[in-house]
Structure formats: C-alpha cells, structure tokens
Amino acid sequence: MHGIDFDIAHMLAGLLVLMSFLMLYQVRLLPLLNVLAAHAFVLSLSVSWQAYIQHAPHLFITAGIALVFKAIIVPMVLRRMVVRMGIHREIETVVSIGLTMLAGLGLVALSLEVMLPLTAGAEPVVREDIALALSVVLIGLLMMVTRRNAVSQVVGFMSLENGINLAATGARGMPLVVEISVAFSVLIAFIVIGIFLFRIRERFDTVDVGVMDEFRGGRQ
Amino acid sequence: MSEAASPWLLLAQLCQMTIVMALAPLLTGLVRKVKARLQRRVGPPLVQPYLDLRRLMLKEVVLAENASWLFRIMPYLILSITWVAAALVPTFATGLMFSWSGDLIVIAGLLGAARFAQALAGLDVGTSFGGIGSSREVMFASLAEPAIIMIILCVALIAGSTQLSTIADHMANGEVGLRVSLALALVGLIIVALAENARIPVDNPATHLELTMVHEAMVLEYSGRHLAMIDLAAFLKLLLYVSLIGCIFFPFGIAQSGSGPEFYLLGLLIYLMKLGVCGVLLGVLEMSIAKMRVFRVPNFLGGAFMLGLLGVLLLYVSRGM
Amino acid sequence: MNILSDLLPGWFDPLLGILIIPLAAAVILAMVPNYRISAALNVAAAFGSLGCAVTLLFERPPPHAFLLVDDFNIVFILLNTFVGFTTSAFSASYIAHELEIGRLTAWHLRFYHAMFQLMLFGMNLALVANNIGLMWVAVELATLTTVLMVGIYRTHEALEAAWKYFILGSVGIALALFGTILVYLAARPVIGEGMDAMVWTTLVDHARGLDPSLLNVAFVFLLLGYGTKVGLAPLHAWLPDAHAEGPTPISAVLSGLLLNVALYALLRFKILIAANASAIAPGPLLIGLGLLSLIFAGFMLYRRRDIKRMFAYSSIEHMGIIVFAFGMAGPLGNLAGLLQMTMHSLTKSAIFFTVGHVAQVKGTQRMADMGGLTTTHPLLGWLLVAGVAAIAGLPPFGVFTSEFLIVTTTFAREPILAVLFILGLLLAFGALLLRLTDVAFGEVKGPVGPVHASYLPVIAHLSLVLVAGIWLPPPLVVWFQHVAALLG
C-alpha cells in the first residue's frame, strides 16, 4: 500500500503518541523523567528519518539537538533537581488516570478528524505527521492541565514542544529559520524553568502549584 | 469449510488436540523451572506438573456439605471448553479440519464461558475466599474483555478477517510490512495474557496468602480429580495464549494448508521452540517485576485497552491516505 | 523632508538601526555595574531607536526577504520606540527609588536593564519582520524577557505571577507556531517549498490561491496563540498578576506595547485571510471574544482592591474593544481599531507611570490605603484624573474618538451588538469612577512624602492623546485608512 518511507515515518510518529500516553500514565516523578527522555529520543529518531527521506541534511542538526539536549541533558538536570528537592513521592493528579487516558484518546481522535481532511492535497507522510503531531500537542496540553506538580507541568510542556517539532519537520521544506527558533526556544525556556524552579524552591518547600495558589493576590 | 476433507487434515487436527493437551503441563513446568533457577534453587523437575496431576487423580474428592451439582460439574465444563479453545488455535499448521471455526471472537467467547463457570464454582460453596477470588477475577475480566476486543479489532483490520487461520497466513506472507499498530496490539495482548493467566504482575500463582489470591482463591475448595482438571485447564489456558501470540505475531514456520508432511513436522519443531522461548521469557518476566496492588490492576488493564484503541486509531490514519 | 537622511552617513540603515541599537545596548548594559550609568545608557539607546524610527517615517526602504516597513507598521514602530523611550526615562528615576528602599539590588538592575533593551529589540523585530517565522521568534523573545522581568522582585506573588505568565505564554506560543506551520503548509503547493513560502508579502500576493479551509484552521490556532498574548478572555489569566507583581515600568510596557505587538501579529494574518475570498471571515469569532473580554473585564473591575490589578483589567477591557472593532471590520471599524490601539498604548502607559509614582509615595498598591491625592500632590493627582478620564473614554481625549467611531459603525449594522458594547463601556466607566474618586479626591490617606521622579513622560503621553482627540495628522489618517482597507 505505502512504501517503506511511509511505514517507518508512521511507526515513529505512532511511537511518539504512545510515549505521550505513557507520560499520562506515570504517577511517580522519576519514571516520568525517564519517559520524557524516551519521548525526546523517539522524536530525534523521527526527525532523523524525515531528514533522510526529504534529503534535507539540516534536519539532522535538529535531531541532534533533540537527542543531546532534550533526551539526555534536560532529564538529567531535572532528575538532579527533583532529588535535591526531595519530591520523588507520588504525583497527585487532578483527574484519575483512566479518565485522563480516555480524554487523551478523545483528543487523538479529534485531531485526526480535523487534520486529515484538511491536508488532503499533501503527501501521505506530511499528512500523518501533522495529524499525529497535533495529537501529541493536545496530549501535552492535557498533561499540563491535569497535573498539580510544577515539574510534571514542565514535562507536559516539553512534550508539547516535541509535538510542535514533529509538525515543523513533517512539513516538507520548512526553512531552517523556524527550526533553529524552535530549538532556541526550548533552550531559553529551560533556563527560565530552571531559574523558576530554583526560586520556587527557595520560597516554598514544595512545588505543588496548589499551595502556590494560596498566595495569589487575585482575590484582592 | 474444507471441501477436500483429506485424511491428513483430520489427522493433523487430532494431532493438534493431543499435542496441546500433552504439552500444556510441560510449559508450566518449564516456567516454574526457570523461575526456580533464577532464584538459585534447583527447583522441581520439568515433569512435575504431570506428576502432580497423576497424584491428584488418584486422590479422593472431598466435597463441602452444601456443594451443589454445579460444583461437581464445573471442572469438566471448564476443562472441555478450554481444551476446545486451545485445540482451535493454530499451533504448527493452519487450515486444519476445524480451523474454519477457529475465530478470534469464538476463542474470546469460549474463554469467557470458562471464566464464568470458574467464577460460579468459586461462589458455590459460600466461603469468603471463594467470594473474593470470584469477584476479583470478574473485575479483572470486565477490564480485560474490552481490551481483548480492541486487540482483536486491530488485528482483524490488518489481516482482513477474524479467523485465526487466515490471520496467520496473512501475517506469514510478509506483505504486512512494519506496523506500529501490530506492536501496540502485541503489547496489549501480552498484558491481557498476564492478567488472564493469573501471572505476576496481576496475580501470584504460587501464593498462599489470602490477601493476594485471585485464581487460587476461587479453586481453594477443590480437591482430587476436580482439582486436577482445573489445573489442567489452567495449563491449557497458558498454552492457548502463548500459541495465540505465536500464530498472530510470530507466524514463521507455520505450515500452510496443503503442504506436505515434512512441513508439518518442521512446523511442529518450530512450535516447540516457540513454546520453549516463551516459557523462558515468561519465567524471566515474572522474576523481574513485582506483583502490583489490586487497585492498580484496573489502570494496567486499562492501559491494554488503550493500546488496542490507539493501534486502531493509527490504523485508521494510515488507511485514510 | 530628507534633511535627516542627509545628516546620516550613507551606510547607516535606519531599519537595521532600530534592531541593532537595542541589541548592542542589551549586551553593553549586561556588563555595566553602576546603575546610574546603565539607566542613562538605557535612555540613550531608547532615544537612538526613536531617532531611527523617525527617519523611517521620511524615507521608507523597500521590503526585503526578512524585513519590511509599510503603512501598517510604521505607526507602530514609531509608537513602540516612543513609548520605549518615555518608559526608559520613567524607569530611570523609578528604579532609583526601588534601589533605595531595598526592593532591588544592583545585580538585579543590570539584569533588568539588559532585559529591557532585549525586549525592545524583540518587539521592534516583531514589528518589522516580513517572515512569519521570524515574527513568531521575535514575539516569543519579547514575551520571555518580560516573564523574566515580572519575576524580578522574587516574592511569593511575583514568582507565582511569573510562573503563570510563563506557562500560559508558552502554551500560546506553541499554538501560534502550530498555526504558522499550517499557514506554511497552505502556501507550499502554491508558492513552493523553502523560505519564499514564509515571506508575508509573497503570501499576501498569492493569498487567493491558498487553501481556504487550511487557512481557517490556521487562523483559529493563531487566534488562540497570539490571543493569549493579547489577553483576551478566557485566556487572560496571566495578565492581572503579571501587571500587579512586576515593576511598574514593566506593567507600562506590557500594557502599552506587548499587547499591541501580539495583536499586530494577529492582524497581519487577518490581512492574509481577508485577501482570500473563500476563507471564512473571522468577524463573528473576534466580535465574540472582544465582547466577552469587554464585559468580563467590566465586571471584574468592580471588585479589585489593588490599583495596578485594576488597570490591568482595564487593559483587558480595551483589548476587547479593539478586537471587537476589528471583528466588525469595514473601513470605519478597522480604522477605529487601529486608532484605539495607538491611543490605548499612550494612555495606559501614562496611567501606569502615574500609578507607579503614587505607589512609591504611598508605599502600597492597595487603593483602600491611598486617598486625597489632589490635595497632597496636586500635579500627580490631576494627572491621574486626566489619565483615568482618558482611558474611560471621555472627550476630548483620543480614546473617545475611536470608541465613538466603533459605536457609530456598529449601530449602523448590528444595533444589538452596539447596545452590548455600550453596556461594557459604561460598566468600565462606572467602576473606574467609583474606585478612583476616593484615590484622587476624598480624605487624605497614607504617607505624603515627596515624589522623586519626573512627570515629563506622563505629560508627553497625555498631551499627545489630547491633541489626537482634537486633530489627527492627515498622513496618519491616510495610512490607517489604507490599512483598514487591507484588513477587509
């Protein structure tokens, strides 16, 4: 039916969606960071494959950044932070895991429903990359909404960024400017996150966002 | 329906029925041996399950006073249903005499019937252990059933049919290519198999603590030949699942219908190898992870359901282009 | 007219000037330890950018692949650099006071000044970008720098505000990028792969050939993404906290400039959609969001106790008005929206300057603890009154002109919407009046020390708004009318 190009791209994109679900399933912080690393690893594989079939060698750089930075460095640093802060206890999710996963499945179905008809004119690889990338983005959003712990919200955000990366590389021929910008934004975002998490640690003895909300001035 | 009712096909079918019955205890014996070795014990000999069955057959049946006729009939029922199901799954060859009835949905239904019988029997005598066991078993089943239906759907969409012979032939042909949906279905099926066969991480088959029993609790009241039949049914169920995984996802070496006897023999040898590998892997898996708490099992099985559903969605994606 | 360009050497390109000056200043300011020098440098750099922008008024370079100056962004470039300049002047004196009372240290100030210039760079880049990817990068850079600055006080509330702003802003950024990718996808079959399909002028030229359904979905994502940055309800949750907890110059810049830049980015895409006849006009969506923001903010204004938070909700309200105007579309609606953007920027920043002084004098931001300003600090008090009158939409200030235009055009077409709109305006008017009469008039509350800063920025802004209310310079009107036509 389709060539090997499509099959492998489909497999890698599908694996990325699976990793997103695995992230939703995790209750404890340290395995969550491992899944984050796996997520970024699968992304780098997918981007490398895109680089190969599009004959676009500059995408290998993006894949390299995803591998080194997002799959290795970021999870390592986050792990160290988490251990130092002593918060490797259970994450309290707002909604139960079963419901969250069902919602995630609903989002996947929704994004497939919306994106597949829209991109009817493009090649199959592009179409399915964009559709599955939107699923990853939406699941990342779901994760950010259903978690109370600041670290897991950040993990959700990073998976969202990975989804955007998948979309950007899937759209054939997107210029380098955007790719560097996406990598650039992750770098800066992480530095900011790091600063924030540290500052939060100095102020509170928890990174539970619910506790932080108590200090909100919004009711003034 | 096989028009050319060749005597070979009939013979092969009968062979399959005997072979599954004969090999089932050996598989469980292998798993136990592997686990023992990993625990640095010598462990019971490989043929221990046969010896256990023989011992049980010779023992007297002790029945509770308030046991009904249901209690006495169930073991026969469970054994026969499971045997039929196990005999229908292609092991070393496809296109056998009764393979037209070997449908995935039929298998799921048969196993469901066996489980129903088992649960009723557990409840029959009115002890609390039986009650716990039955209720837990049915709770797990209510989550595993949707999962297995999803997996069946996923596999059927790829292969174009729910009949196991057709599926095995289709997968063996090599046209399938690389499919992430198949990988998802495989993982889902493994999870369901672990749950259905009362293996770690869902249930501990070697436990004697009431709090952790599921399957064991249901059969606590049985003795003698009844217990032997139920144990044999459990062995057969494990064999069934292993054969199922083998014929859907790893169908190399299965003899196609209409090939000569040397292919059947080759298929048999390869099937024995697959059983061996699966037994060892199962033993290693059971030794590597811990049993999970009962209230986490729904999440686990829900994960299997989700994997199946995700596989179906991804198939929809690739088909829609 | 070309005296200025004659004065400058031939190699100096003012378009690059407004980008390079802030960038270089950011680098230099990160290294200067003495805060007085860095404040002065800050003002000087902002003035340099302003000068370049003025030059651009007279001599417009032709559009090139990455940068572009046209009728739409020239006004905003000028406005941006002007407000940046006045804010840096305000901040020079305001920050000195913060240092004195110990809320900030010298290291913080280095960071603050460098981030300030970096933010101006980001905003200028976003305004002159011709490449939709570049525009996205620039908006994101500007947002990130403001996030860092909002959290600078490092109190509980400031950290929470900055964290919320960061999270919501990042989600907005991601959605906006997805929308940008979809626009590229729509353009690819028509224009071809590569850089050309991201150049805005090329996109507009070929707009008729682009796939309308894909453009529609892209616009929805862009609206959600950039709309979060604009502060439209229900995506506004970050705005009040960020305004209240950050230093006052940052509140001024957020309200006055960043919201405008985000809206500008959105409008660029609206021009693209308008050029494609079969794409669904985003009017109803914009009208809905605009009215929602307006009325929601109007109600929220009544219960605010913190003065900066109150004006933050006022910003949400005005953004709602602007988006409503663009939703109504048509030549008058769009013109009114553009005018409102300019007037709001000037007025709101002036108000925040005043509020900054008031908060410094009174030592608190709670309105219950401040009162009788016109008695103790007459100039400050009356400037506050003038600012509030301007923002509430009273004549003869410029905001009245644009709101009046909106009302007339809405009445002519959809009277019910006009009624809702006026309801929102009256709600806000009432709340502002109610809360601020006590602050400006009434009995004296809170400490009455002298004010340590200059009133020049405030007076400059408010006089501009007053003049605009009476007389709009003809070239400005022509540019705006041209852009209004483009916006469809």
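Residues are numbered from 1 along each chain as its sequence is written, and chains are lettered from A and ligands numbered from 1 in the order in which they are written. In this predicted model local features need pLDDT of at least 70 and side-chain atom pairs count only at pLDDT 80 or more, while totals for chains, interfaces and linings use all residues.

Me: Which helix gives the most to the side of chain B that touches chain A?
Reply: Here 18 residues of chain B are in contact with 23 residues of chain A. Helices (DSSP runs of H or I, at least four residues, numbered from the N terminus) α7 (180–196) and α11 (297–319) of chain B each supply at least two residues of that side. With 12 residues, the helix that gives the most is α11(B).

Me: What share of the residues in chain A is buried?
Reply: Chain A has eight helices and zero strands. A residue is buried if 20 or more other C-beta atoms, placed from the backbone, lie within 10 Å of its own, exposed if 12 or fewer, and partly exposed in between. Of the 220 residues in chain A, the buried share is 51%.

Me: Are α3(C) and α5(C) roughly parallel or roughly antiparallel?
Reply: Two packed helices are described by the angle between their axes and the distance between the axes. The axes of α3 (residues 35–58) and α5 (residues 106–128) of chain C, which are lines fitted to C-alpha atoms over the stretch in contact, with angles running from 0 to 180 degrees between N-to-C directions, come within 10 Å and cross at roughly 10°. Because angles under 35 degrees count as roughly parallel, over 145 as roughly antiparallel, 65 to 115 as roughly perpendicular and the rest as oblique, α3(C) and α5(C) are roughly parallel.

Me: Where in α2(C) does a kink of about 25° lie?
Reply: The 16 residues of helix α2 (residues 14–29) of chain C should span 22 Å at 1.5 Å a residue, and its end C-alpha atoms are 22 Å apart, which agrees; the expected span is 1.5 Å times one less than the number of residues. The bend at a residue is the angle between axes fitted to the seven residues ending there and the seven starting there. Shortly before the proline Pro22(C), the kink of about 25° lies at Ile20(C).

Me: Which helices do the buried residues of α3(B) pack against?
Reply: Helix α3 (residues 69–88) of chain B has 20 residues that should span 28 Å, and its end C-alpha atoms are 29 Å apart, which agrees. This helix bends by about 25° at Pro75(B), and its buried residues include Pro75(B), Ile78(B) and Trp83(B). In chain B, the buried residues of α3(B) pack against α1 (7–38), α4 (104–124) and α9 (224–249).

Me: Why does Ala329(C) count as buried?
Reply: Ala329(C) lies in the loop between α13 (307–328) and α14 (330–362) of chain C. Phi of Ala329(C) is near 55°, a positive value in a residue other than glycine. Ala329(C) is buried because the number of other C-beta atoms within 10 Å is 22.

Methods:
Two residues are in contact if their C-beta atoms, placed from the backbone, lie within 7 Å.
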